[in-house]
Amino acid sequence: MEIPTFQPRLKVLNREQALAIHTAALEILEKIGFKMEHPGALEMLAGAGGKVSNGNWVKLPAYLVEEALTSAPKQIALYDQKGNKTMPLVNGNPFYGTGSDATFTLDLETGQRRRVVLKDTANFARLVDGLENMAFAMSMANPEDVPIEDIYVHVFAEMVKNTNKPIVFIADSGKDIAKIYEIACQVVGGEENLRQKPFILNYSEAISPLRFPENVMQKLVFCAEKRIPICLPSGSNAGGGAPVTLAGAMALGIAENLVGLSVHQLANKGAPFLFGPNVSVLDMKSTVVSYGCPEWSLTQAALADIRDEIYGLPIWAFAGASDAKVMDAQAGAEAMFSIINAMLSRANLIHDVGFLEYGSTSSLEMVTMADELVAMSRFFTGGIPVNGETLALEVIERVASGGPGSIFLMDDHTFEHFMQAQFLPKLLDRSRYDSWEEAGAMDLYQRCNIEAKRILSDHQVEPKTDKVLQGIDQILQAK
Amino acid sequence: MSEFKALTEAVVKGDIKTAIAETQNALDAGSNAQSILDKGLIATMDEVGERFSKRLIFVPQMLRSAKTMQECTKLLQPFFQEGDVTSKGKVLIGTVKGDLHDIGKNLVSMMMEGAGFTITDLGVDVSPEKFVQKAQEVEPDIVAMSALLSTTMPAMPQTIEALQKAGLRDKIRVMIGGAPVTEKYAQQITADSYASDAGSAVSKAKKLLGVS
């Protein structure tokens, strides 16, 4: 008889806590309200039963929000650029990828922190393309060598040229997102193909507390109309954009997400919306928003519980990042803490892998290390299959009662099972001291540096056709 | 300083009630308002600022001390003529055009105020024209600009240019900050100073104006 394998799962909220946070979020929207600066969205909300005062202050009855929660699809699938369904974002499936907008990067040759350029976006996209456990690419850069008005269009084009994996992209407003959309259509051969098999997801941010700027809402409405998956967290970090206590910060962040979701579903019922408020902390000494803190992992584990108890929508998360300035022990510890917890809590789309310096610096080595940490976490989360073959009583008998020289290492059972039964690290070093020393006495950072360089030089990204490339160039040149 | 020991302690702790009572006590005991301000309040806030920059205390503690000081200063106000109170300098601050983020900018405002600067805060989405108009009105020593979005950064050089055109640039020092802003960018757009956080904004401002 088959014994099902228990897969370790983290739970941090009980049902009462989940409901209390949800209720608080609804109360924020119904009693406190929010500022909606997009006239079209304001009109939709008012038309649906929202109460508008002082021009653009809206209070939203709970039933409107509940309707939006009902009409939003429970599963979102992202495809790669060749049309394969590589990211089914349904409960229990975690997918990791890089982050956006870093100002600096650690130079692969010199190790120095320097301003990012467009070439860095290309390198990060190619590295992601070559790493098994990285499911999607983000730009990892705000390059200084492209015109700032079209910065997001240029980084998007650069990603498309350097990876065939799904892309999570940033835009500034309704204007540049239309250009990005045009490029995406070029890649897959038209609007209908993109709608059928979307390989893009937009990340936009409202402003905590409770402010929804016009340019942000333009993107939300655009994505709803075109059915491009979108997520819309605010900066509801505890102590900064939101109350310092995590429950309040979550309630506010969820309320803000629910505003986005309500507008989104009013604009186009059934369009895909990825849920997630991004609740980290504002560090009380440096005032940076922390990327290595335990709180962010805790609030997204809590969000996963709320998803399971109430919303049922796939969720947005972060992991594999650090506040450390170099890829040191702190970076490793913080990266692993968030990677394993995001997986144990079954977050769905997990971004920001490879960030140092609270998201200001990107590192190719850090992404490379994180890829292995994700593999390690996957192994752990797989649990322990228990059956006749894995209990291996016959093997024990064979070896124990065998003559001298009978060892498990020699047994066929070991040969047949070791690749699945054990996690086999590639970068984490377990060699004996002498061989480690002989191989150059390198630490993990140095080994990741070599591996990143190897992938960038060896990995072949299947190129886009000339027609697609020409189309992209035309879009980039158009004013 | 020892004559205001209890007041000093209350400001350090952020105990507003006790600090106000101690300020009143000092006035009742015949202390001079200027000396309460200088030796009791400003000297204490300098010490608090010092402890903050050494990372010995946290932001909310520092802000509470600043708030405590402000409440006490209100009590002293009637004893000063307009213009009597010396300020470290006048700062005109705002988040640039197109950008609606204000947490960082507000923090800089509060810390500068706590350090003895006079602040005029224009809020968010401040156009170059508005910076110029207000600069003509309040004649600040420093114009401080903040941006969180990289796409709004170009409003910084536009504002500098507008100050130039209005003939104000020579009289004003320009400071910039915000997540995507760098030292290099400040040099490129000919700003006078860049600060990476609120604490360093205060020390950079002091340095620009040559005050301590």
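Chain B splits into domain 1 (2-79) and domain 2 (90-209); such bounds come from an automatic or database domain assignment. The model is predicted: local features need pLDDT of at least 70, side-chain atom pairs count only at pLDDT 80 or more, and totals for chains, interfaces and linings use all residues. Residues are numbered from 1 along each chain as its sequence is written, while chains are lettered from A and ligands numbered from 1 in the order in which they are written.

**Domains of chain B**
- The C-alpha centres of domain 1 and domain 2 of chain B are 28 Å apart.
- Their contact (C-beta atoms, placed from the backbone, within 7 Å) takes 8 residues from domain 1 of chain B and 7 residues from domain 2 of chain B.
- On the domain 1 side, helix 3 (33-53) and helix 4 (59-76) of chain B each give two or more residues.
- Helices are DSSP runs of H or I, at least four residues, and strands are runs of E, at least two, numbered from the N terminus.
- Helix 3 of chain B gives the largest share of that side, 5 residues.

**Domains of chain A**
- Chain A has domain 1 (70-381 + 467-477) and domain 2 (388-421).
- The C-alpha centres of these two domains of chain A lie 45 Å apart.

**A sheet in chain A**
- In chain A, 3 strands form an open parallel sheet in the order 6-15-14.
- Strands pair if DSSP finds at least two bridges between them.
- Strand 6 (95-96) and strand 14 (316-318) of chain A are the edge strands, and each pairs on one side only.
- Strand 6 of chain A is joined by 2 bridges to strand 15 (residues 349-351) of chain A.
- A:Phe95 stands opposite A:Leu349 in strand 15 of chain A.

Methods. Contact = placed C-beta atoms within 7 Å.
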